[in-house]
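Q: Please take a close look at how the side chains pack and pair in this model. Begin with the aromatic rings, then go on to the pockets and the charged contacts.

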Amino acid sequence: MRKYEIAYLTPSGQIEEISRSAPALSAFEDAFGAFGHGAILQTESGPMAVEDLLPGDKVRLSDGTFDTLRWRGMMTLRPDDQETSPEHAALTRITADALGPARPSPDLVLGPTARLLHRAHGVRTLTGKRAAFVPVRDFVDGNQFIALRPVAPVNVYQLGFAAHQRLSVNGIEIESLHPGTAFSLGLRGDLLSQYLSLFPHKRDFDDFGEMRNPRLRLRDLDLLDGG
């Protein structure tokens, strides 16, 4: 089991905070582990670190518009946690300018389940879309994308809005909260109910809406290039 910390915006516009214990399963952790401490997002009030954001804040999207933050989730990664898989225990540091001038700026530390928006010819071939969300850990090369193994407990975060969004974080595009398809989530019965209880800002699974961009693994594109 793992403890998940949640702050959300009620229909009346109030901020509620709850703490829930739920299984330490990939489907659950995926919804909480996108941003490392200190990731910077732009708001209508100026730049703010992810840990300082609260539901109700207006957060800048990658297209330059702003949307209201409805939900912020947090979990703690512990180096001695034997239940967490290695891929869900590592952070990724993206060095400054790794993706181009000021992308990111400065260095950006992302959580184990972060996905960045990736544009490549193969994405259109596989999905019909210009870009897809790809796990940041797929890009680890030891140079510009560096895997970090925490030696002390660290908090990681995710942000939820009324719809699936592309967020501008330190100058690069990162995915907001979305559970994916019901099939890919792989939860049924009590587990699905327990999962949905972590998102009081949503009425049911369908309330998450459609995904703005598809998801791929980098190896899918590598296989396409190899063929």
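A: With ring centres within 6.5 Å as the criterion, the count comes to 10 aromatic pairs. One of them joins phenylalanine 199 and phenylalanine 208: the ring centres are 5.6 Å apart and the planes stand at 85 degrees, so the pair is edge-to-face, the cut-off for that class being over 60 degrees. The model is predicted, so these values are computed from predicted coordinates. Phenylalanine 199 has a relative accessible area of 1% and is buried; phenylalanine 208, at 3%, is buried as well. Both belong to a cluster linked by ring pairs, which also includes Tyr4, Phe28, Phe32, Trp71, Tyr195 and Phe205.

The largest pocket has a volume of about 420 Å³. It is lined by 19 residues, and those closest to its centre are Asp30, Arg115, Arg137, Ser184 and Arg215. By class, the lining holds 7 nonpolar, 6 polar and 6 charged residues. The second largest pocket has a volume of about 180 Å³. Its lining includes Tyr8, Leu9, Arg70, His201, Lys202 and Asp207, and divides into 5 nonpolar, 2 polar and 4 charged residues.

The whole structure has 8 salt bridges. In one of them, glutamate 175 pairs with arginine 215, with the closest N and O atoms 2.9 Å apart. Glutamate 175 lies in strand β16 and arginine 215 in the loop between α4 (189-196) and α5 (218-226), which puts the partners 40 residues apart. Glutamate 175 is buried at 3% relative accessibility, while arginine 215 is partly exposed at 24%. Through shared partners, salt bridges join Asp30, Arg115, Glu175 and Arg215 into one network.

Arginine 119 is exposed, with a relative accessible area of 51%; glutamate 173 counts as buried at 16%.

A further salt bridge joins arginine 93 and aspartate 107, at 3.8 Å from N to O. Arginine 93 belongs to strand β9 (residues 91-94), and aspartate 107 to the loop between β9 and β10 (108-110), 14 residues apart. Arginine 93 is partly exposed at 30%, and aspartate 107 is partly exposed at 33%.

Conventions:
Residues are numbered from 1 along each chain as its sequence is written. This is a predicted model: local features need pLDDT of at least 70, side-chain atom pairs count only at pLDDT 80 or more; totals for chains, interfaces and linings use all residues. Side-chain values use heavy atoms; hydrogens and water are left out. Rings of Phe, Tyr and Trp (its six-membered ring) pair if their centres lie within 6.5 Å; planes under 30 degrees apart count as stacked, over 60 as edge-to-face and the rest as tilted. Buried means under 20% relative accessible area, exposed over 50%, partly exposed in between (1.4 Å probe, protein chains only). On a 1 Å grid over the protein atoms alone, a cavity is a set of points where a 1.4 Å probe fits but cannot get out, and a pocket is an open set with protein on both sides within 12 Å along at least five of seven lines; lining residues have an atom within 4 Å of a point. Grid points are joined across faces, edges and corners, and a volume is the space filled by probe spheres set on the points. Ala, Val, Leu, Ile, Met, Phe, Trp, Tyr, Cys and Pro count as nonpolar, Asp, Glu, Lys and Arg as charged, and the others, Gly among them, as polar. A salt bridge is a side-chain nitrogen of Lys or Arg within 4 Å of a carboxyl oxygen of Asp or Glu. Helices (H or I, at least four residues) and strands (E, at least two) are DSSP runs, numbered from the N terminus.
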